[in-house]
Amino acid sequence: MFLTKITAVAALALSLIAAPVYARNLDAGTYELIEFAEELGVTVITNGPNCKGQYGTFSPRTMTIDVCRVSIVNGKADMEAHSTVRHEMIHVAQYCAAKRQGRLSYVTLMEDKDKFTTFVTDSISLDAIEEIVENYPKKHIAPELEAAAAERVISATEILDIVKFRCRDGL
């Protein structure tokens with residue numbers, strides 16, 4: 001099992017390195033995000049047993065990120081894998097921010113409610129917002145909206161800077 005995890009992570013990391021940047025979702029900085037996650041003690045797993053229909057998960061309890069629905073074509077991960085890594089790393093930053101505040105759950109990184117609302121509504125569709133509101137527990141809605149918006153408009157390199165700042169004291 002351990003060897004399978006290493007093989008999966010290596011395959012995803014190598015495929016992400018090789019991927020050219022030709023769309024916002026296909027981001028050359030994804031490999032650095034994975035590398036930093038592992039420096040923090042977070043294991044990144046692709047298409048693992050926790051993948052049950054979702055695109056990805058971050059579990060602070062197990063310190064794992066599951067990147068689900070990964071397709072590797074011609075040695076390159078699909079755009080969704082890149083987007084999922086960005087999304088889940090925002091959750092890592094939210095977890096670090098919550099921990100610094102002495103809270104047990106995620107918190108949003110944007111504290112100004114008006115800026116938060118503008119960021120979300122400018123970044124994701126009303127349908128996507130409604131889907132999140134309908135499918136997540138109330139306490140997870142705002143962090144999930146923030147992560148969904150961030151994955152679409154913030155590069156992996158910028159997210160890496162955010163995670164480094166928010167997790168400067170470690171996990």
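## Aromatic pairs

Rings of Phe, Tyr and Trp (its six-membered ring) are taken as a pair if their centres lie within 6.5 Å. Planes under 30 degrees apart make a pair stacked, over 60 edge-to-face, and the rest tilted. The model examined here is predicted. By this rule it holds two aromatic pairs.

F58 and Y95 form an edge-to-face pair. Their centres are 6.0 Å apart, with 70 degrees between the planes. This pair links distant parts of the chain. F58 lies in strand β2 (residues 56-59), and Y95 in helix α3 (residues 79-100). The two are 37 residues apart. Both F58 and Y95 are buried.

## The tilted pair

F58 also pairs with Y106. The ring centres are 6.4 Å apart and the planes stand at 35 degrees, so this pair is tilted. Again, distant parts of the chain are linked. F58 belongs to strand β2, while Y106 sits in the loop between α3 and α4 (113-123). Here the separation is 48 residues. Y106 is buried, as is F58.

## One cluster

Which residues make up the aromatic cluster? F58, Y95 and Y106 form one cluster. F58 takes part in the pair with Y95 and in the pair with Y106.

Conventions
Residues numbered from 1 in each chain as written. Predicted model: local features only at pLDDT ≥ 70, side-chain atom pairs only at ≥ 80, totals over all residues. Heavy atoms only, no water. Helix = DSSP H or I, 4+ residues; strand = E, 2+ residues; numbered from the N terminus. Buried < 20%, exposed > 50% of the residue type's maximum accessible area, 1.4 Å probe, protein only.
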